[in-house]
Amino acid sequence: MPQQQLLPDIIGNTPLLYLRRVSELTGCHIYGKAEFMNPGGSVKDRTALGIVRAAQRSGELQPGGVIVEGTAGNTGIGLTLVANALGYECVIVAPQNASQEKIQHLEMLGAELLLVPSVPYSDSHHYIHTAERVARGRAKEEPNGAVWARQFDNPANLQIHYATTGVEIWDQTEGAVDGFICAVGTGGTLAGVAAALRERNPGVKIGLADPMGSSLYHYFNSGELRAEGESIAEGIGVSFVPGNLHGVEVDFSCQVDDDDALPHIFELLKDEGISVGGSAGINIAGAVAMAQDMGPGHTIVTILCDSGSRYHSKLFNPEFLWKHKLPYPQWMAN
Ligand code: PMP
């Protein structure tokens, strides 16, 4: 009898890719967790499954119920796939500046999509606040109820990374991991992986790679939420401390400019055949900075959150990059 795997069974257990060029560059062993290989194409499939399973267990999510979430796209894609597979509906509230590719993907999957203006978090019309209002409204109207996934402070988000991503990294490196670093969107990945690794080796170093425009670098260094600059990377960078990060400490942090992250994306694609999105570029640059800080011979792991194909119109569009005064390789311009 062949194995009968269903969608939730094929989320996670992603390969750990050896990143040859940056390993050679730093004298460390740098690995990237190939999260773009999840069925929905991103690390957020894990979060989606974790949140839905927890809501099923608590009884908050009833059969045929509606799941509402505010997301720049990837969590929405993961939630819609999981909802389709398990018999729920999804309402996704996304900012208008989310990549065209993610919006099209969400439409294709059949999500009910609400696009709202891209405004700062402090504005009550921000997509996260809108999602909360929509969830409250739908909970009253829907015959089977509605839940707000609230990935920024739902403990199920970091718990799934603690139970899966972190354990996989430990097992795949055979416990040899010295450092883990990634950027923060909701903080679920960073907090969950940090907890799993520190439980197994209290000496493991945990790092934050913060894109420009995000406030966490200063928060971790001086306690002050302050940001400068901006980034085209989607899904990462926050101006508040997500609940997932409360009580989490980091051993290392760095700010990463798009100018430093983009060449990693292009070179990884050209030299190693691996296509990743903007946040993975920030993560790789962060891993290089951490490797340089720790010195040669260390094993450092980061996250390849999603695929470059999700950003064709931005990351791989020389016109877009030129307009944003960002670097692009010669081969892209031809
Ligand atoms: N990269 C991308 C492309 C994402 O969509 C997200 C999720 N917002 C992240 C990184 C960050 O992951 P987390 O929410 O676990 O911090």
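**Exercise 1.** Is arginine 46 buried or exposed in this predicted model, and which residue does the side chain of arginine 46 meet in a salt bridge?

*Solution.* Step 1: the relative accessibility of arginine 46 is 1%, so this residue counts as buried, the limit for that class being under 20%. Step 2: the side chain of arginine 46 forms a salt bridge with glutamate 35, at 2.7 Å from N to O. Step 3: the two residues are 11 residues apart, arginine 46 in helix H2 (residues 44–58) and glutamate 35 in the loop between strand S2 (29–34) and H2. Step 4: glutamate 35 is also buried, at a relative accessible area of 0%.

**Exercise 2.** Determine which parts of the chain the salt bridge between glutamate 234 and lysine 102 ties together.

*Solution.* Step 1: the closest N and O atoms of this pair are 2.8 Å apart. Step 2: glutamate 234 belongs to the loop between helix H8 (216–222) and strand S9 (252–256), while lysine 102 belongs to helix H4 (residues 100–109), so the bridge connects parts 132 residues apart in sequence. Step 3: glutamate 234 is buried at 11% relative accessibility, and lysine 102 is buried at 1%.

**Exercise 3.** Describe the strand order and the edges of the open four-stranded sheet.

*Solution.* Step 1: the order is S5-S4-S3-S6, with parallel pairing. Step 2: strand S5 (112–116) and strand S6 (146–148) are the edge strands, each pairing on one side only. Step 3: strand S3 (residues 66–70) pairs with S6 over three bridges, and valine 68 stands opposite tryptophan 148 in S6. Step 4: helix H3 (residues 74–86) lies across S3 and strand S4 (89–95), at about 175° to S4.

How values were computed: Residues numbered from 1 in each chain as written. Predicted model: local features only at pLDDT ≥ 70, side-chain atom pairs only at ≥ 80, totals over all residues. Heavy atoms only, no water. Pairing = 2+ DSSP bridges. Contact = heavy atoms within 4.5 Å. Axes fitted to C-alpha atoms, helices over the stretch in contact; angles between N-to-C directions. Salt bridge = Lys/Arg side-chain N within 4 Å of Asp/Glu carboxyl O. Buried < 20%, exposed > 50% of the residue type's maximum accessible area, 1.4 Å probe, protein only.
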